[in-house]
Amino acid sequence: MTADLPEPVHLGELRVSHADREAVVERLNEAAAEGRIDFTELDARLNQALTATTHADLAPVTADLPPVAASDPGQPLVLKGGDLGAVRAGRWQAPARVSVYGGRGGAKLDFTQATCRLSEVEVEVHGEEAGVTVIIPDGWAVEIGGMELGFSGLKDTTTPDRLPGTPLIRLTGTGGSAGVVIRHPNGRERRKLRRDQPR
């Protein structure tokens, strides 16, 4: 007499991990930065990814996006505004070096939900025609001595108080014709962050 074996579980029925969800969130943010999905759709897909419990729940979120090669989080990030603009925001892994070009559409680099285990991050910015905005969480600090101000210069409204264990952002580059802004989240962004926090 043989013992009853458990029924095999289909891959789609397996529970997803935090790492599975984070990988999908990162891909969605990349897709938005590439212009493949708009920000309204990004919010809807992020919500679906963060509330997924099985692989069957998670799979449709990126089913219509092309696969990307696995990347080393230590590799430099390059963000180019181009004609339509570019944004890196949400949950993402910050590397040691980031280069941002405003182009004609502008660029925004938002660290408020980024994961960063580094003591310093070098952010090279070039405002160009439409400018660059860099947002850092409260408690992070910035060093702006490496900036060439250019025509429109640099606007820094961050506080100098750096909390222990947080990275220092070393800003280098040029302001260009539109300039560079570095700041903490504004009121609207803070309200959105509170809404997005798990309950």
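Which strand is Ile-144 found in? Ile-144 is found in strand 7, residues 141-148, where helices (H or I, at least four residues) and strands (E, at least two) are DSSP runs numbered from the N terminus.

Before I go on, please keep in mind that this is a predicted model, in which local features need pLDDT of at least 70 and side-chain atom pairs count only at pLDDT 80 or more, while totals for chains, interfaces and linings use all residues. Residues are numbered from 1 along each chain as its sequence is written, and side-chain values use heavy atoms, with hydrogens and water left out.

Staying with Ile-144, this residue is partly exposed, because its relative accessible area is 32% and the term covers values between buried, under 20%, and exposed, over 50% (1.4 Å probe, protein chains only). Ile-144 and Asp-156 are twelve residues apart in sequence, and their C-alpha atoms lie 8.6 Å apart in space.

Let me turn to the strand pairing, where two strands count as paired if DSSP finds at least two bridges between them. Strand 4, residues 107-110, runs parallel to strand 6, residues 132-135, and four bridges join them; Ala-107 stands opposite Val-132 of strand 6. Strand 6 also pairs in the parallel sense with strand 10, residues 180-183, over four bridges, and there the bridge partner of Ile-135 is Arg-183 in strand 10.

Finally, a word on helix 4, residues 187-196, in which Arg-188 is found. Is Arg-188 buried or exposed? Arg-188 is exposed, because its relative accessible area is 52%.
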